[in-house]
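Please read them with the coordinates open.

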Amino acid sequence: MDILLFYKISSLINALVATVLGFIVYFRNKKELVNRVFALFFSLVAIWSYASFFWFTVKNKDFILFNFRIFLMGASIFIAILFFHSVLALTNKIKEYKKFLIIGYAIFLFFLIVDCFTPLFLRNLRKELFFDFWPEPGVLFHPYLVIWYFYFLAALYVLIIEIKRASNSNFKASISYKIQLKYILIGAIIGFI
């Protein structure tokens, strides 16, 4: 049995689920900022997942390196900041975190440019364990990863604070809003693990 089968199947399932969720969220109310940002977030998760599927399926090193730089890393770079932006839009906290959000987009845009045009983000591919093409990180990959997780954890922090605020008896929030916040928190933790 192909040991990579699990990775192939899980990548494809993630891609299909993210694609469907992106369409559902967007077309449910495409005029709302929260729907548009969440749809973009799901689109990048889908692109990342389809790129992962090709990583485990295709055996051409040049194609895989291109796939990594443009699609796999290119999409993943913005996933954390878009998730953060989605949470801010949902909780109506964009004004409160506006500078933080703009700085985040600028930082991740910098990493995207570095990823696409230099080996500072991804040096090369090498054989590792049962992977024919495993990425060799460049000197800027680990700082990127720290910032990426920082923005992901910041989104979780905002969600947790909003869940506590919505659960306060003095705060008038709909039950569906409270449930929505909890589902997004649980889904984010499961999804990002």
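Is F68 buried or exposed? The relative accessibility of F68 is 2%, so this residue counts as buried. Please keep in mind throughout that the model is predicted.

1. The partner of F68. W55 and F68 make an aromatic pair of the edge-to-face kind, with 4.8 Å from centre to centre and 75° between the planes. W55 lies in helix 2 (residues 33-57) and F68 in helix 3 (residues 61-90). The two residues are 13 residues apart, and their pair links distant parts of the chain. W55 also counts as buried, because its relative accessibility is 12% and the cut-off for buried is under 20%.

2. A tilted pair. In the rings of F131 and W134 the centres are 4.8 Å apart, but the planes meet at 45°, so this pair is classed as tilted. F131 is buried at a relative accessible area of 8%, whereas W134 is partly exposed at 30%.

3. Aromatic pairs overall. The structure contains 37 aromatic pairs. Ring pairs also build a cluster from F84, Y97, F100, F108, F110, F111, F121, F141, Y144, F150 and Y151.

4. The hairpin. Strand 1 (residues 122-128) and strand 2 (residues 131-137) are paired in the antiparallel sense, with five bridges. They form a hairpin that has two residues between the strands. In the turn, L129 has a positive phi of about 50°.

5. The whole structure has six salt bridges. One of the side-chain contacts joins R126 to E128, at 2.9 Å from N to O. In a regular strand, side chains alternate between the two faces of the sheet. R126 is partly exposed at a relative accessible area of 33%, and E128 is partly exposed at 30%. A salt bridge also joins D132 to K127, where the closest N and O atoms are 3.1 Å apart. K127 counts as exposed because its relative accessibility is 56%, while D132 is partly exposed at 32%.

6. A salt bridge within a helix. E162 and R165 form a salt bridge in which the closest N and O atoms are 2.9 Å apart. Both residues belong to helix 5 (residues 141-167), and because they are three residues apart, about one helical turn separates them. Elsewhere, salt bridges with shared partners join K59, K127 and D132 into one network.

7. A nonpolar surface patch. L5, I9, I13, V17, V20, L21 and I24 form a nonpolar patch on the surface, and their accessible area together is about 570 Å². One of these residues, V17, is placed in helix 1 (residues 5-28). V17 counts as partly exposed because its relative accessibility is 46%, and the exposed class begins over 50%.

Definitions and conventions:
Residues are numbered from 1 along each chain as its sequence is written. This is a predicted model: local features need pLDDT of at least 70, side-chain atom pairs count only at pLDDT 80 or more; totals for chains, interfaces and linings use all residues. Side-chain values use heavy atoms; hydrogens and water are left out. Patches are made of residues with over 30% relative accessible area and no salt bridge: like charges are joined within 9 Å, nonpolar side chains (Val, Leu, Ile, Met, Phe, Trp, Tyr) within 5 Å. Accessible areas come from the Shrake-Rupley method with a 1.4 Å probe; for residues, only the protein chains shown count as cover. A salt bridge is a side-chain nitrogen of Lys or Arg within 4 Å of a carboxyl oxygen of Asp or Glu. Helices (H or I, at least four residues) and strands (E, at least two) are DSSP runs, numbered from the N terminus. Buried means under 20% relative accessible area, exposed over 50%, partly exposed in between (1.4 Å probe, protein chains only). Rings of Phe, Tyr and Trp (its six-membered ring) pair if their centres lie within 6.5 Å; planes under 30 degrees apart count as stacked, over 60 as edge-to-face and the rest as tilted. Two strands pair if DSSP finds at least two bridges between them.
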